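Below is a briefing for a reader new to this structure. It starts from the surface and then turns to the strands and the aromatic rings.

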Amino acid sequence: MVPVLNQVSCTMKDKIQVVKIDTEKYPSIADKYRIQALPTFILFKDGKPIDRFSKLILYTSAHLNI
């Protein structure tokens, strides 16, 4: 999953910011956002969570318009 996130981050760097959190190192963040499964993706807008999902999504380069 990390290579895909890195690619998305680079491809869409002018539109989004990808942040990875080590929930074992920062359990307070996991608690705050009720992260119970990995990977968990939380989408934020203006500093507030607007959507979330906790499942693996498979992307090809066609999905990323590369």
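Which residues form a nonpolar patch on the surface? Val-19, Ile-21 and Tyr-26 do, with about 280 Å² of accessible area together. The model is predicted: local features need pLDDT of at least 70, side-chain atom pairs count only at pLDDT 80 or more, and totals for chains, interfaces and linings use all residues. Residues are numbered from 1 along each chain as its sequence is written, and side-chain values use heavy atoms, with hydrogens and water left out.

**Overall make-up**
- The protein has 2 helices and 2 strands, in the order α-α-β-β from the N terminus on. Helices (H or I, at least four residues) and strands (E, at least two) are DSSP runs, numbered from the N terminus.
- Of the 66 residues, 14% count as buried. Buried means under 20% relative accessible area, exposed over 50%, and partly exposed in between (1.4 Å probe, protein chains only).
- Accessible areas come from the Shrake-Rupley method with a 1.4 Å probe; for residues, only the protein chains shown count as cover.

**The surface patch**
- Patches are made of residues with over 30% relative accessible area and no salt bridge; like charges are joined within 9 Å, nonpolar side chains (Val, Leu, Ile, Met, Phe, Trp, Tyr) within 5 Å. A salt bridge is a side-chain nitrogen of Lys or Arg within 4 Å of a carboxyl oxygen of Asp or Glu.
- Tyr-26 lies in the loop between helix H1 (2–11) and helix H2 (27–32). Tyr-26 counts as partly exposed because its relative accessibility is 40%.

**The strand pair**
- Strands S1 (residues 41–45) and S2 (residues 48–53) pair in the antiparallel sense over 5 bridges; DSSP must find at least two bridges for strands to pair.
- Ile-42 stands opposite Arg-52 in S2.
- The hairpin of S1 and S2 has 2 residues between the strands, and Asp-46 takes a positive phi near 55° there.

**Aromatic pairs**
- The whole structure holds 2 aromatic pairs. Rings of Phe, Tyr and Trp (its six-membered ring) pair if their centres lie within 6.5 Å; planes under 30 degrees apart count as stacked, over 60 as edge-to-face and the rest as tilted.
- Tyr-33 and Phe-44 are edge-to-face, because their ring planes stand at 85°, with centres 5.4 Å apart. Tyr-33 is in the loop between H2 and S1, and Phe-44 is in strand S1, 11 residues apart.
- Phe-41 and Phe-53 are stacked, because their planes are at 20°, with centres 5.0 Å apart. This pair links strand S1 with strand S2, 12 residues apart.
- Phe-41 counts as buried at 16% relative accessibility, whereas Phe-53 is partly exposed at 25%.
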